[in-house]
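Subject: Handover of a structure, with notes

Dear colleague,

I am passing on a structure that will be new to you, and I would be glad if you could look through it with the notes below at hand.

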Amino acid sequence: MPIDEAPRLAERERIIRESWVRSVEAQLVREKLDHCYETEGVNHMESCKDLRERYIDMLRENRVKGYKQIDL
């Protein structure tokens, strides 16, 4: 492997790792949201609103991205 490729590969791995961490954070919020729905019962629409909105925002922003960019 040429010397100049090592920093690029390290950067690629860092980006992918951060992407996966954000994805796992979204999964944790989803689990908290599921627990909130189960425990709150009929009041879940009011009681779990903040978790629901946070999860929706995370779904929009925290997608796993690879190192290749494909334009459609």
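Helices (H or I, at least four residues) and strands (E, at least two) are taken here as DSSP runs, numbered from the N terminus. In these terms Ser 23 lies in helix 1.

This is a predicted model, so to speak of local features pLDDT of at least 70 is needed, while side-chain atom pairs count only at pLDDT 80 or more, and totals for chains, interfaces and linings use all residues. Residues are numbered from 1 along each chain as its sequence is written, and side-chain values use heavy atoms, with hydrogens and water left out.

Confidence and overall layout

The predictor's confidence in each residue is given as pLDDT, from 0 to 100; its mean for the protein is 85, and 85% of the residues reach 70 or more. Among the elements, confidence is lowest in helix 1, with a mean of 90, and highest in helix 3, with 92. Where pLDDT is low, the predicted coordinates should not be read in detail.

The secondary structure consists of three helices and zero strands, and along the sequence this gives the pattern α-α-α. The accessible surface, computed by the Shrake-Rupley method with a 1.4 Å probe and, for residues, with only the protein chains shown counting as cover, comes to about 6200 Å², and 53% of that surface belongs to carbon and sulfur atoms. Of the 72 residues in the protein, 15% are buried, where buried means under 20% relative accessible area, exposed means over 50%, and partly exposed lies in between (1.4 Å probe, protein chains only). If contact is taken to mean heavy atoms within 4.5 Å, then 52% of the contacts with a separation of 6 or more are between residues 24 or more positions apart.

To return to Ser 23, this residue counts as buried because its relative accessibility is 14%. Leaving aside neighbours within four places in sequence, Ser 23 is in contact with Asn 62 and Val 64.

The nonpolar core

Which residues make up the largest nonpolar core? A nonpolar core is a set of buried Ala, Val, Leu, Ile, Met, Phe, Trp, Tyr and Cys residues joined through side-chain atoms within 4.5 Å, and the largest one here has eight residues, namely Ala 26, Val 29, Leu 33, Cys 36, Cys 48, Leu 51, Tyr 55 and Met 58. Two elements, helix 1 (5–40) and helix 3 (49–61), each give two or more residues to this core, and helix 1 gives the most, with four. Met 58, one of the core residues, is in contact with Glu 25, Ala 26 and Val 29 once its neighbours within four places in sequence are left aside.

The disulfide

A search of the whole structure finds one disulfide, which is defined as a pair of cysteine sulfur atoms within 2.5 Å. The partners are Cys 36 and Cys 48, whose sulfur atoms are 1.9 Å apart. This pair links distant parts of the chain, since Cys 36 is in helix 1 and Cys 48 is in the loop between helix 2 (44–47) and helix 3, twelve residues apart. The link is left-handed, with -95° about the S-S bond.

Salt bridges

The structure holds three salt bridges, each being a side-chain nitrogen of Lys or Arg within 4 Å of a carboxyl oxygen of Asp or Glu. Glu 11, Arg 14 and Glu 18 are linked in a network of them. Glu 11 is partly exposed at 35%, Arg 14 is partly exposed at 34%, and Glu 18 is partly exposed at 36%.

The remaining salt bridge joins Asp 57 to Arg 60, with the closest N and O atoms 3.4 Å apart. Both residues lie in helix 3, three residues apart, or about one turn of the helix. Asp 57 counts as partly exposed, at 37% relative accessibility, whereas Arg 60 counts as exposed, at 61%.

With kind regards
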